[in-house]
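Here is a quick tour for someone meeting this structure for the first time. Have a look at the sequence and the model, then read on.

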Amino acid sequence: MKTFIESIAARVSQVWRTPDLPRRGHTYRCRCGRPIFFRNSRCLGCGAELGYEPDLAEVRALEPGATPVEWRLAGEESPSPVFRRCANLNAPAGCNWLVPAKHPSELCLSCRLNRTIPNLSDADNCRYWRSIENAKRRLVAQLLAVGLPVTSKVEEDPERGVMFDFLRSPPEGPRVMTSHGNGLITLNVEEADDAVREKTRYEMHEPYRTLLGHFRHEIGHYYWDRLIAGTPWHEKFRALFGDEREDYAAALRRNYESGPPPDWPDHYISSYATVHPWEDWAECFAHYLHLVDSLDTALGFGMTGDDVEAEVEPFKLEDLYDPEDSDAKRVLSLVNSWMELVMALNELARSMGQQDFYPFVMSRTVLRKLHFIQLVVKSEREATATE
């Protein structure tokens, strides 16, 4: 007899995948039938040129167009739109994204978000930038997939867009701090150095620190400004996360002097989330993206709770922020399936002597916060679709 979680996971599979839909989660195939992946710019099997088309959210084989810089998607019954390769394809960034041929920019949607890149005369900076762009492209692709607005503050929307500065601390200081402010996300490029990042993670007593994690956290701050501040969600946010008008500097000082409250795991996804309501939101937003992308990828490879023999205590409808929402049962199914999958993946990581895949515990309070974020994202997606 199937367990409760296994039966839920089976329903999740039916909801998210049907025979007439392609697999999800960055799983693709070349025209030759071999598997290809999100970062690929050439098929290692048949040698076909590959490009990521963000509107389709697919990596596709390409065919030459009418000029040496023009490309079409291979395998289309009627002629596909014409594209160009992103100008950063042959840069250290190694960008495989496509740009519509008539677009005025030489850069793809992801690369257009950059305001400042590191000095590429330094070999380390070249290596750092490639890792950074790999993580950022994954972030941008996911934001587009869930229906959130992504526009460049540099080229497209100076008022409401987002942009990135990738900076390296000068030898004499001061140290560049990863941060967000008014649509500008600053990242210390040395976070792309595994040794530096691991040292920082250890010194900060963090269970998890990755480039993608940084991007997902900082973009959470950006979307708080865009989706919460001054909107009908604002007072609901304060009721759930706390009042963001609390003095931020004083909150940081208190955290560094006294640490998080003893019962923080019952109410927060991480100790850093206890610092201030803004940080609680950003941490939960990052974990919302972690959950959605990881589970989506697992389902893309055909992995469901049916494949996992693990016992976890499932969340219930009343644990959600709004049990009456039309998507509540589906969200609950996804979260419960995720929890079972995470248990297995953590054990797999331990069997290889690695840190846990997901070194966090999700409380019912945190689930309410994640569901709130899901509702905000859903509302934005629906509003955008009707424009």
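Predicted model: local features only at pLDDT ≥ 70, side-chain atom pairs only at ≥ 80, totals over all residues.

Residues are numbered from 1 along each chain as its sequence is written, and side-chain values use heavy atoms, with hydrogens and water left out.

**Rings around Trp 278**

- Trp 224 and Trp 278 make an edge-to-face pair, 5.9 Å centre to centre with 75 degrees between the planes; planes under 30 degrees apart count as stacked, over 60 as edge-to-face and the rest as tilted.
- This pair links distant parts of the chain, since Trp 224 sits in helix α4 (residues 211-228) and Trp 278 in helix α7, 54 residues apart. Helices here are DSSP runs (H or I, at least four residues), strands are runs of E (at least two), and both are numbered from the N terminus.
- Trp 224 is buried, at 6% relative accessible area, while Trp 278 is partly exposed at 30%. Buried means under 20%, exposed over 50%, and partly exposed in between (1.4 Å probe, protein chains only).
- Tyr 248 also pairs with Trp 278: the centres are 6.0 Å apart and the planes sit at 45 degrees, so this pair is tilted.
- Tyr 248 lies in helix α6 (residues 248-258) and Trp 278 in helix α7, so the pair ties together parts that are 30 residues apart in sequence.
- Tyr 248 is partly exposed, with a relative accessible area of 26%.

**Strand β9 and its partners**

- Four of the five residues of strand β9 (residues 163-167) are buried, so β9 is largely enclosed by the rest of the structure.
- Strand β8 (residues 114-116) pairs with β9 in the parallel sense over two bridges; strands pair if DSSP finds at least two bridges between them.
- Thr 116 has Asp 165 in β9 as its bridge partner.
- Going from β8 to β9, the chain passes through helix α2 (residues 123-146), and this β-α-β crossover is left-handed. A crossover would be right-handed if, with the strands pointing away from the viewer, the path from the first strand over the helix to the second ran clockwise.
- β9 also pairs with strand β11 (residues 184-188), in the parallel sense over five bridges, and Met 163 has Leu 184 in β11 as its bridge partner.

**Inside helix α2**

- Val 140 lies in helix α2 and is buried, with a relative accessible area of 1%.
- Val 140 and Leu 109 are 31 residues apart in sequence and 8.4 Å apart in space, C-alpha to C-alpha.

- β3 pairs with strand β4 (residues 58-64) in the antiparallel sense over four bridges, with Tyr 52 opposite Val 59 in β4.
- The hairpin has four residues between the strands, and Ala 57 takes a positive phi near 55 degrees.

**A loop residue**

- Phe 301 is found in the loop between α7 (277-300) and α8 (328-351), and Phe 301 is partly exposed at 44% relative accessible area.

Terms used. Phe/Tyr/Trp six-rings, centres within 6.5 Å; stacked < 30°, edge-to-face > 60°.
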